[in-house]
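Subject: Handover of a structure and findings

Dear colleague,

Please find below the structure I am handing over to you. My findings follow directly after it.

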Amino acid sequence: MSENKFPEYITFPRTFEKYRWYKPILVFIVGAIVYAVLQVLLLMIFNIAYDTNTITQLMTGGYEALNSEVGSYIGYLSVAIFIPSLYIATKIVRDRPFSSYSSSRGGWNWKLFFKSLLIPLAVYIVYEIIHVLIFGQISANTLTPTFFLICLIIIPLQCIGEEYVMRGLIMQTFGSWFKIPVLAIVLQSIVFASMHPYSILGVIGVFIQGILLGFIAWRSNGLEASCALHSVNNLMSAYFVALGFEVSSSLITPYDFASTMIVSTISALALYYVGTKKGWFEEKTENPW
């Protein structure tokens, strides 16, 4: 990958004329207010469709709530609304284009996103086959065509939303303040880990995954590859929980930790290697979000 072909992604906000150090804070505040409004609307919709007590239990049940179909929908959509929240906040504050969160290559590149799905998907499928051969089915199969199709849409949106906030807004903010990409990657990963209520091993695992996702976003000068890596991880987890081959839990075992770190690291490094060798990250896009 050419080092100087595009502006540095992590410090990219500093290249805009209207950049000021405090403006990302304003974007965060406005975005949080918009998010709160959208979250209330989302819960109101689910309260109409489902029993109120059920929704309350799901919202306070930790990651175990993801073992149910309704809990999965609420959890994923609650993160997916990061995208409109950040978009609206950016339009209100007017510090820089929303497309600058996507990449420093000219905006979001769907072709790169879909190509980047292939490598981690192959790695995760091999891992899941080995996992099933060792442990077999541990709970009932609840996978339905409806759940499969809905998750195929909302889980990538959830991952993209999380990437826009974590590897976009937060990592680029630290990068614009300190102008040290590696420091920005570490700091955003600390924030990323703090937002996941797992046991200690789980939090450490999320921190390492945040480092990997931050590295991919940095070296690819955009979010498409990290979004693809994140999407495959969450899609495979959701489908295999529904098939009864895994159980979603806030308590992470040493085996869960080790296996997740191995498959995540192999997926990230393989994606980076192939993407760099094939020149995927050198393509300028002309269709920014």
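In this model, which is predicted, the side chains of E224 and R105 form a salt bridge, with an N to O distance of 2.4 Å. E224 belongs to helix α10, which covers residues 224-242, whereas R105 sits in the loop between α5 (99-102) and α6 (110-135), so the pair links parts of the chain that lie 119 residues apart in sequence.

The structure contains two salt bridges. The other pair is R167 with E163, whose closest N and O atoms are 2.5 Å apart. R167 and E163 are four residues apart within helix α7 (residues 145-178), which means that about one helical turn separates them. Both R167 and E163 are buried.

Leaving aside residues up to four places away in sequence, F113 is in contact with W108, I160, E224, C227, A228 and S231. For orientation, the C-alpha atoms of F113 and I45 are 31 Å apart, and 68 residues separate the two along the chain.

A further residue of helix α10 is N234. N234 has a relative accessible area of 13% and is buried. With residues up to four places away in sequence again left out, N234 touches Y76, I155, Q158 and C159.

I turn next to a pair of helices. The axes of α8 (residues 181-194) and α9 (residues 200-220) approach to within 8 Å and cross at roughly 140 degrees. That angle makes α8 oblique to α9, because only values over 145 degrees count as roughly antiparallel. The crossing of the two helices is right-handed. On the α8 side, the contact is made by P181, V182, I185, V186, Q188, S189, I190, F192 and A193. On the α9 side, the residues are V203, V206, F207, G210, I211, L213, G214, F215 and W218. Sorted by class, this contact comprises 14 nonpolar and four polar residues, with no charged ones.

Finally, two backbone values deserve mention. K179 has a phi near 60 degrees, which is positive although the residue is not glycine. K179 lies in the loop between α7 and α8 and is exposed, with a relative accessible area of 52%. N221 also has a positive phi in a residue other than glycine, here near 55 degrees. N221 is placed in the loop between α9 and α10. Is N221 buried or exposed? Its relative accessible area is 6%, and N221 is therefore buried.

With kind regards

Definitions and conventions. Residues are numbered from 1 along each chain as its sequence is written. This is a predicted model: local features need pLDDT of at least 70, side-chain atom pairs count only at pLDDT 80 or more; totals for chains, interfaces and linings use all residues. Side-chain values use heavy atoms; hydrogens and water are left out. Axes are lines fitted to C-alpha atoms, for helices over the stretch in contact, and angles run from 0 to 180 degrees between N-to-C directions. Angles under 35 degrees count as roughly parallel, over 145 as roughly antiparallel, 65 to 115 as roughly perpendicular and the rest as oblique. A crossing is left-handed if the near helix is turned anticlockwise from the far one by less than a right angle, and right-handed if clockwise. Contact means heavy atoms within 4.5 Å. Ala, Val, Leu, Ile, Met, Phe, Trp, Tyr, Cys and Pro count as nonpolar, Asp, Glu, Lys and Arg as charged, and the others, Gly among them, as polar. A salt bridge is a side-chain nitrogen of Lys or Arg within 4 Å of a carboxyl oxygen of Asp or Glu. Buried means under 20% relative accessible area, exposed over 50%, partly exposed in between (1.4 Å probe, protein chains only).
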